Structures are given as C-alpha cells and as structure tokens.
Amino acid sequence: MTSDIDPALLALTGSKIEILISCNNLADLDEFTKSDPMCVMFIKQFGQWKEYGRTEAIRNTLNPRFVSSFIINLEPSVSQHLKFSLYDIDSRSQDLKHHDFVGFTDVTLDKLLNYPKTVCTTSKNLRTAGDSRPRGMINITTEILKDSRNKVSIHAQGHKLDKKGLFSMNKPDVYLEISRSIENIVYLPVYRTEIVYKSTSPRWRPVEISLQKLCNTEWDRNIEFSCWHFSGSNYHLIGRKITSLRDMNNQPMNGHFKEVSLSSPKKEKSGKKKPTYTGSLRFYQFRVDLHYTLLDFIRGGLELNLVIAIDFTIRIDGDKWLMLKAWYHELVSQVKMSGGLSRPFPEKQGARQGGVWSPTAYKIFVNPILNQLHQNGFGCYIGSIYCGAPTVADDICLASNCPYELQAMLDLQEHYACQENYTISETKSTFLVTGNQLDTHDFMLNGSKLKQSETATHLGISRDSKCRFDSSTVVQERIGTARRATCAMMGAGLHGANGLNPCVSLHLIRIYIVPRLTYGLESIRLAAKDLTSITKYHKRLLKQLQHLPDKAADSASYLLLGEPPIKAEIHKRIFTTFGNIVRNFDSIEHQLAWRQLATKPNSSNSWFIMVKTLLEMYDLPSCYDLLQNPPGKSTWKNLVKSTVNSFWEQKLKLEAKTKSSLKFIDIDRLSIGKTHLIWSSAGSDTFTITKASVNCRMLLGVYTLQANRHRFNQFEVDPSCPLCKQGPEDRTHFLVLCQHFTSVRQPFMEALKIVMRELLPDLHQQITSDPLLLTQVILDCSSSPFVQPQYYNRLECLSRGLCYALHIARSTALEYHYK
C-alpha cells in the first residue's frame, strides 16, 4: 500500500543506489589458509531469488573490503527484497555449488536507507539455514549516487617505500588501494591495482575512475591512497595518505609529477619521535576529464537538423543481414574531380572505399574476436601490457612466443568466423618463425596448412624470419615506390627541362610522392645510413625539378622552394603519431608509452625514447607533459608544423650563409613555406621556365664560367674571359662587364634603367653604374634594399630575358671560338 511508504523515499524514485560491502570475522572454512571470500547479491522477483551481481574474490582474509559494488534503481512503490550471500571460493568455476557457503542475510532496500542522509551503513550477522550461530558480520553501506559522467585519470608510482619481512630487509610486493570516506569514519576501497612484486618503487598501470565512484562528485570529500604489502597469507599496510580530490587537483607539480608523502598509522599511534614517513606516491597523471553527452550540448544551445542512432550488436543474424545486403546491392561509385563526376562504375567486392560506414563494418566483424583473444590471455605481452593481436581494419597479426598458443589463437579465430558466417582466407595468410627456433611446427587454418615465409609485410612494414629488423629494406622499398610514382607522372610534366613550373611540381610531389616515400617510416627507428639514403633521393629530386646540378648548395635548393628536408617531414609524422597516442588514454600504445619511458634508458632503441630525444631537439613539450596534458589535434599539429619548420629554416640559413656562391641571395628573406621570386614569378609557360632555370643556376653560382673552372683546376684553367680577355670571367663580368656581349646586353640594360629611374629617381645612376649592385638587382632583385615589391615582377622578367640571351650568345660564341 502506498500509504505505508515513506513520502521522502517517493521523491527519490528512480534514483541510483550504490551498495558497498565489507565484512568482519568471517567463519574460516579453509583448513590451512584463510577463506577467499566473495559476496553475491540476489534480488527477489516473483517469489524467486535471482542473482543480481557478484563482487571480486579476495584471497586469504576474514575481513574483506570489496571494491566491486552493486548499483540498483530505487523503487519505493515496490518492496525490493535483497539477499547477500558470502562464499569461500575454491576454484575458477562460475557455479556457486562448487564453492563453500559461508552465510547469508536478507533485508529490504528501504531498511538500508536513512533519508535525508545520503549515506547509511547497516551491520548484520551472517547465518546459515537451521543454525543460529553467527558466521561473521556483514557491513552494508548504501549511498545515493549523484549523476556524473566525469572521470579521473590516475597514473601512480611508489617511491622509496618501506621494506618488509624479517629485519625489514625484503622488498615488498605492493599494490595501491584507493578508498573513499564513509561519513569520515571508515574508508571503503573503490579501486585496487595489480601487485608489483619485489619493488620499493612500483609503478602501476594507468587507471581511469569515474568521479561518481571515487567521491560521488564531492570534491572536498576525503579519499585515501594506501600502499599494501601482500605476503601471500597476510596484508600489511605500508603507508597511507588522506587527502581530497580538490587538494590533489591543486597539488603543484614537482617536475613532471605530483608527489605526496605516506605515513604509517601504527607509528603515529605509538607516539614515537621517529618520523612516520614510510615512502611517497608520485602521480605522473592526475587529471579530471569532463565528458559531455549530446543532451548537454543541446542544453548549451547546439541545434541539430537530424540525429540518427544505430545499435550494431556483436552478432549479425536473422534479418539484420538484409541491411548489409542492401548496403552493397548494385553498389556504384563515382570519382569527383574539378567540380565534376566521372561515369558510375560498380563495386563488386571488398569494403566500400571511402564509405562513411566502412570502418564500422570492420569493427562489427573484427573487434569481438580481438576482445576474445585478449580476455583469454592469448598472445604476447610487453611487461603486463597485452600486445598479442595488432590490427588495422581487417589486417590482423597474431603474435605469440608459444606455437601451441598460436594454434589456439588460430582455432579461436576460425571458430568465431564460422559463427559470424565469413571466411578467413588461408591463401592470404602466412606465418613467420622469428629468432633461433630449432623446432618446426605446422599451423592449420580452415583445415589447410599455412605456408611458412621467410619474409612478410604487415601494414607496409617488412619483417624477416631471422628477426633482423633492418630499416634499409623498408627505406629502399619506399624509394623504389616513390621513383615509380615519379616516373608515372612524367607524362604530366613532372620532370626538369621543359617541364612544369617547380612550384607546381613541388605541389605534386607533396601530394603523390612524399606520402609514398615516407609511408610507415614514422613507426620505426631509421638508421643514420637509411636517413641519408632517403634524404639524398629527396634532395636530388628537388634539384632536378629546378634544373640544378648535384653540386648546387643543398640549403639553397631547399630554401628557393621553401621546402624542408624529408627528415623534417618524417619527424612531423612521428610527432603526429605520438599525439594520437597521448590523446587515446585507453589504447595499448598509451600504456606502452608510460612503461617504456619509465623503464628504458636514453641509449635504448625504443621508439618512445626516440620521440623523447626528438622532442628535446625541437624544444617541444616533454613526453610526460604531453601524456599528462595532451593537446588538441589541431593545436598539436600547428605547433609541430611551426616548430619543425622554424628549426630547419634556421639550420638551412646558417648553412647557406657559409656558402660564398650564395653571396647574391639575401638569405634572411628566405623561409620555409614560401617559394622564391625566381620561381613564383615564372608562370606556366615552358619557355619562361627555361629562362628562369638559367637565372637560377647563375644565382646559385653553379652556371659554369671560367672562374668556376679555375677554382677546381687552378693549374690548367685560366680564369680570364675567353672572349674579351679583360678579366676573370665571374658572374659580375659575364652579366655586366664583358664587352663581347655589349650588343646583346644593351636593350635589356636600357629597359632596366627605365624601371630603375621610375623606381629610384635619385639613386638609379649610382646603382646602374656600380657592377656589384647591378649584378645584385639582375640576379635577385628581391634581396636589394632599394627595390620595392611592386617592381619585383617587372625586374625579374628583364633579368630572365637578359640571363637567357647572354647564355645563348655565350654558348654560340664559345662553340665558334673553340672551333
């Protein structure tokens, strides 16, 4: 009858109630050890007790405090009968009949609440049917939960913890327990880490706890961090720290971690003058993450035109297959280019390329088997981190140190594929035996024997059976792929002489060549010789596009196009990959990052140590800062791009300033991301580009004149001009002074004087009469302090014409002269 219901409880209808369990003085049912208790909660429905949930089992204790709790919706209008039963776990069986029964108690939910208090603890005796003797005490704590989707990310490490054992000589086997206060009287655990054996500085796996679980969203509520030593038969408290979420969040950083001291309650009670310090906890990550739902965004003013939610279950059976069938029935695609669409063409097999649902299709079929492999513990581990099945889309790699375990993984995958009505191709599958394996094993899939290979490629990275991971193989494959792509684009004008403007060619290289050249290189450590090989190929390609010989200054060939070395592109991709890792807290890679950075020295070949070194080289935030406070995707991308480009720009400029051949270029005006005027003003006309290439060679000092030849063969080559014999034939002599080309030079000089007179009425005579200043204006007018930007194109056009005319005249004259 509703008249018997507490009106205060009616106001809480539908509220979530969390039930936490702890026990005291349980009956010991084991002969030589203590019980391993587990609590099971039952709820009465239609006169029958139905199991609602179970806690974890705790080894060797008669006073358990369970981390697992029960959450139930309050329905005051219905009598909610609950029964709590304690069992002594003797095996891994899920059947309760196989375990020893300790005792039970039953109660209604409303009797466990004491509204308006939100927290209430009730203690009851455990009993068995037909026996009035108590079998221990059970403490049932209920708390009305406050709605919250926020989470707290914690990554902790103990530091200099007290030793245990006889004379305190042994390193402890430590786990960390996080507890929340109950009315500031007792503390009940909300999380318990794994045990780290034999360590005074244990580092536990990162953990993510809901704010609701940790403190029920009460920032000033006391929480306890305690370190325990488990000796196999007893639990010993090493030290604890009582604090609050607000205090921990405001705790200042000590380098790249927060540190709190631990104290021993026993030493505090003893009144000894000796300090109670028993070690400390270092928090490399302690961050509150806010999670918003779609409803929160809508309440904030977000407007939506349409929202569609589709629930993909793990198994696809029945008429759900019709959705996939209709999805691919008579499927056609079109290519969009230059605002137009190609003719439709059918897609007859495979996942639809570029389809928005294609990744989801892979997840439907692949994710469950990956979860099963992980849950069964099949495959390799790095430390305690599971890495047995690295997968992208439908490319799965199974890794194991045991051949029998690997066969079990294949059998599990085959069984799952049969359940889901698809087939794994054994002809496309292969296996490698790495290292020095003396025994040979046959692996079966779909009833057929898998072929063994000496080499295999997974996600574009080649491996061989001798486990000699030589990055030169991968680099040579990438260079070969890039070279083939370059040759395929020669028909479109991607070549040196008589080709496209280098600005356009560079754009094509960035889109089509660089991705093929660098694919997968961000995920491996490249040897110095391999970096040299790929840099040499990329550098030579850029020089060929600009019609430059190999002897041209490397720094100038990069700066004229505004393109950094390929090493910079690889580093950007490495940083982008690391950025993805630090933003995905639940990923295996994120766990590996913390482990490798904590355990590997700077001399290690670990990929994460390489990232750490690169971050220091570019003066970017440290690995620890990024793992604790990951930047947004666009923020990190922009920071990496600007920092890496700035680093290489300064390095190339310093190198360029040491080259005497570049004295007519204003190095400080050059920058990464901006093409030099010599190419940006050339347009798309082939003849104009050819003239600009002659100008470019003269600007970089690689146009062959007698002075250049004399520099490398002083005893056999005379530096004098072979045509006028009036002095050494250098760039200034050839462009301005040589009398043999006066008639060729005169019309260009007249036009140049007109522009200079218009530009600088007072200084034009001084500039045109000074050979060095005039040479500077001819070769690179943008570097002259006297020339304004609006005159760049006009002067550059005259310079191109003059250089090309002199080039043709000199070639003709020398051919006649030597004949």
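A salt bridge here is a side-chain nitrogen of Lys or Arg within 4 Å of a carboxyl oxygen of Asp or Glu. Please keep in mind that this is a predicted model, in which local features need pLDDT of at least 70 and side-chain atom pairs count only at pLDDT 80 or more, while totals for chains, interfaces and linings use all residues. Residues are numbered from 1 along each chain as its sequence is written, and side-chain values use heavy atoms, with hydrogens and water left out.

| Lys or Arg | Asp or Glu | N to O distance |
|---|---|---|
| Arg180 | Glu18 | 2.8 Å |
| Arg133 | Asp131 | 3.2 Å |
| Lys653 | Glu649 | 3.1 Å |

Let us take the pair of Glu18 and Arg180. Glu18 is buried at 2% relative accessibility, and Arg180 is buried at 0%. Buried means under 20% relative accessible area, exposed means over 50%, and partly exposed lies in between (1.4 Å probe, protein chains only). Glu18 and Arg180 also take part in a network of salt bridges that includes Glu143, Lys213 and Arg221.

The pair of Lys653 and Glu649 lies within one helix, H17 (residues 633–656). Because the two residues are four apart in that helix, about one helical turn separates them. Lys653 is buried, at 9% relative accessibility, and Glu649 is buried as well, at 16%. Arg133, the partner of Asp131, is exposed instead, at 58%.

Now for the backbone. Most residues other than glycine have a negative phi. Which way does phi point in Asn60, positive or negative? Asn60 has a positive phi of about 50°, although it is not a glycine. You can find Asn60 in the loop between strand S3 (48–54) and strand S4 (70–73), where Asn60 is buried with a relative accessible area of 11%.

Lys198 also has a positive phi, near 50°. Lys198 lies in the loop between strand S11 (186–192) and strand S12 (207–210). Is Lys198 buried or exposed? Lys198 is exposed, with a relative accessible area of 57%.
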